[in-house]
Amino acid sequence: MEENLALVARLRAAGCVFAEDEAEVLWSTARSSAELDTLVGRRVAGEPLEQVVGWAEFAGLRILVSPGVFVPRRRSEFLVGVADALIRRHDARLSQAAPGSAATVIVDLCCGTGALGLAVATAIGVGLGGRLTSSVELHSADRDPAAVACAERNVVPAGGHVYGGDLLDALPSALRGRVDVLICNAPYVPTDEVAFLPAEARDHEPLVALDGGLDGLCVLRRAASGAPGWLAPGGVLLGETSERQAAEMASAMSAARLGAHVHTDEESGATVVTGSAPGGPPARSGRQE
Ligand SMILES: C[S@@+](CC[C@H](N)C(=O)[O-])C[C@H]1O[C@@H](n2cnc3c(N)ncnc32)[C@H](O)[C@@H]1O
C-alpha cells in the first residue's frame, strides 16, 4: 500500500496526469520489483506508458506497442466506428444484390502498430482465438520498418498480412480494384507545428509518424489521389485530420473523384474525412457536419 502511494507520488511528480491509473498498469505489467523499477524509471524519464509496458488498449483490443512506434490514440476509435458503420451498410446492400458475396477487403495504410485495421476487421469478422473469419481480409502497410515489425506482431496472428513500403506502392497488385475499406491514418501535423507537440511524442515517436508536410495533408492527399485505382465500386477511403484541415481534405477527395464527407465527434474531438468511389451506397455515417 505504502509502495503504491509512493509510486503514484513519483509518477505525479514526473507530470503524469493519470498517475493512479498508470501506477496500476505498471504494477500489473511488472513481474518483479526490479522490473517495476526499470519500467517506472523509463516512464518518469518521459517515455509513453504504452511503449514502456509494451501494449495499449484500443477499441477493446490489447495492441502490442514496440518502442519507437506511434501509440494508437483513443481519438482514432471514432474512425473505427465510422468504418464499421459504412461496411455494415455496404454489406447489407451487397447481400441483397448478391447473397454470399466475397470477403470484405480492408487495407490499413500508414498502419503503425496495425491497431486501426485490426479493430475494424475484428468488429466485422472475428472467430475463435481472435482469428479473422473468411468474411474479412486484412492488409496493413507502413514505410517505417519498426512499424512493420510491430504490426506483424499484432496483425499476422489474427490472419492478416503486413507489407513495407510507401503508401499504396507497398500493396500487392492483386488488390487493385478490390479494396472495400482503405484506412489511412497518416501523419497530419504541419511541419512547422511538430515542435509544439508534447515532448513524449517528439522524443519517442518517429518524425515520419508525426510530420504531415507543409499543411499536414501531404501524405493523405497522395493516398487520395492513388485510391481510385485500388478501391472496389462503392469502396471508401477514410483519413483522420484536424477540424481545420477537413474542408481542404474533402476537396482533395473530390479532386480524386471520390464522394467526400466530413464526420466529426464532439466528445473525442476527432474528425474523419471519407471519400467513396462511385458504384456503392453513399458514405454517410455517424455524426456529421
Ligand atoms: C500518425 S501515425 C498513425 C499510425 C496508425 N495508423 C495509428 O493510428 O495508430 C502515421 C504512420 O504513417 C507512417 N507513414 C508516414 N508516411 C508514410 C508513407 N509515405 N507511406 C507509408 N507509411 C507512412 C508512419 O511510419 C506512421 O507509422
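A polar contact is a pair of N or O atoms within 3.5 Å; within protein, one must be able to donate a hydrogen and the other to accept it, and residues adjacent in sequence count only if both atoms are side-chain atoms. The model is predicted, with local features needing pLDDT of at least 70 and side-chain atom pairs pLDDT 80 or more, while totals for chains, interfaces and linings use all residues. Residues are numbered from 1 along each chain as its sequence is written, and side-chain values use heavy atoms, without hydrogens and water.

| Residue | Protein atom | Distance to a ligand nitrogen atom |
|---|---|---|
| R143 | backbone N or O | 3.2 Å |
| D166 | side-chain N or O | 2.7 Å |
| R222 | side-chain N or O | 3.3 Å |

Taken alone, the ligand exposes 590 Å², of which the protein buries 97% (Shrake-Rupley accessible areas, 1.4 Å probe). Around the ligand lie 17 residues, and C110, D142, D166, L167 and N185 come nearest (a residue is near if one of its heavy atoms lies within 4 Å). This shell comprises nine nonpolar, three polar and five charged residues; Ala, Val, Leu, Ile, Met, Phe, Trp, Tyr, Cys and Pro count as nonpolar, Asp, Glu, Lys and Arg as charged, and the others, Gly among them, as polar.
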